[in-house]
Amino acid sequence: PMPLISTVRRYEGRVICLDLDTVEFPDGSSGELEMIRHPGAAAVVPLLDDPAAPDPRILLLCQFRHATGGSIWEVPAGRLDPGEAPEVCARRELAEETGMRATRLSRLTTIYTTPGFTDERIHLFLADGLEKGQHRREQDEFMEVHAVPWSNVIKMIEGGEIQDAKTLVALLYAAKFRGFGRG
């Protein structure tokens, strides 16, 4: 990491903070960088069926996002609470957003969302052995839960319907490295 010379907090909000960092670059020069600080998040690919099934279904959310000007397709995800382990967050968000509980949760990978201006990392998980519960969405969460066969998920990816980065990485990682969707 580049040595931090100084940092000034410009904004502190409910979800993010904005800092103006003065750093020393690798060539010895220094400069200012605007950095969005985020506590991190967890996201989960919820499997409804055995991943070896011919066309297993997953749960996808069609969620309203102000930044996109409408609704987009996503896997369940949410911000880490202070001191919360990513796996605990993934389980909590799965239950809150879909009403499902996972008997098994396995780690896929961790990604930086946009390292040019934020330190946000999202921990990606695969969940199976789902059991029905009750969703507990937050006041600003507007979404519909859909059970989508894997063949349709692939068509949605190829057709550009799924544009959310964490969702794309989680789905494609699960397919490539966990053998999901190969029936």
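**A walk through the predicted chain**

The secondary structure of this chain comes to 3 helices and 10 strands, where helices (H or I, at least four residues) and strands (E, at least two) are DSSP runs numbered from the N terminus. The model is a predicted one, in which local features need pLDDT of at least 70 and side-chain atom pairs count only at pLDDT 80 or more, while totals for chains, interfaces and linings use all residues. Residues are numbered from 1 along each chain as its sequence is written, and side-chain values use heavy atoms, with hydrogens and water left out.

Read along the sequence, the elements follow the pattern β-β-β-β-β-β-β-α-β-β-β-α-α, and the C-alpha trace spans about 55 × 35 × 30 Å along its principal axes. Of the 183 residues, 42% count as buried; here buried means under 20% relative accessible area, exposed means over 50%, and partly exposed lies in between, with a 1.4 Å probe and protein chains only. If contact is taken to mean heavy atoms within 4.5 Å, then residues 24 or more positions apart account for 56% of the contacts with a separation of 6 or more.

We can now turn to the interior. In soluble globular proteins, nonpolar side chains tend to be buried together. A nonpolar core is defined as a set of buried Ala, Val, Leu, Ile, Met, Phe, Trp, Tyr and Cys residues joined through side-chain atoms within 4.5 Å. The largest such core in this chain has 26 residues, of which V45, I58, L60, V153, I162 and L171 touch the most other members. Two or more residues of this core come from each of β4 (41-46), β5 (57-65), β8 (100-112), β9 (121-132), α2 (150-158) and α3 (165-178). A second, separate core of 13 residues includes V44, L59, L94 and M100.

An α-helix has 3.6 residues a turn, so residues three or four places apart point the same way. After α2 comes G160, whose phi is positive, near 80°.

T109 lies in strand β8 and is buried, with a relative accessible area of 18%; not counting residues up to four places away in sequence, T109 touches I122, H123, L124 and Y173. D49, in the loop between β4 and β5, is partly exposed at 22% relative accessible area. Although D49 and P149 are 100 residues apart in sequence, their C-alpha atoms are 9.5 Å apart in space. T68 is found in the loop between β5 and β6 and is partly exposed, with a relative accessible area of 44%; T68 and A95 are 27 residues apart in sequence and 25 Å apart in space, C-alpha to C-alpha.
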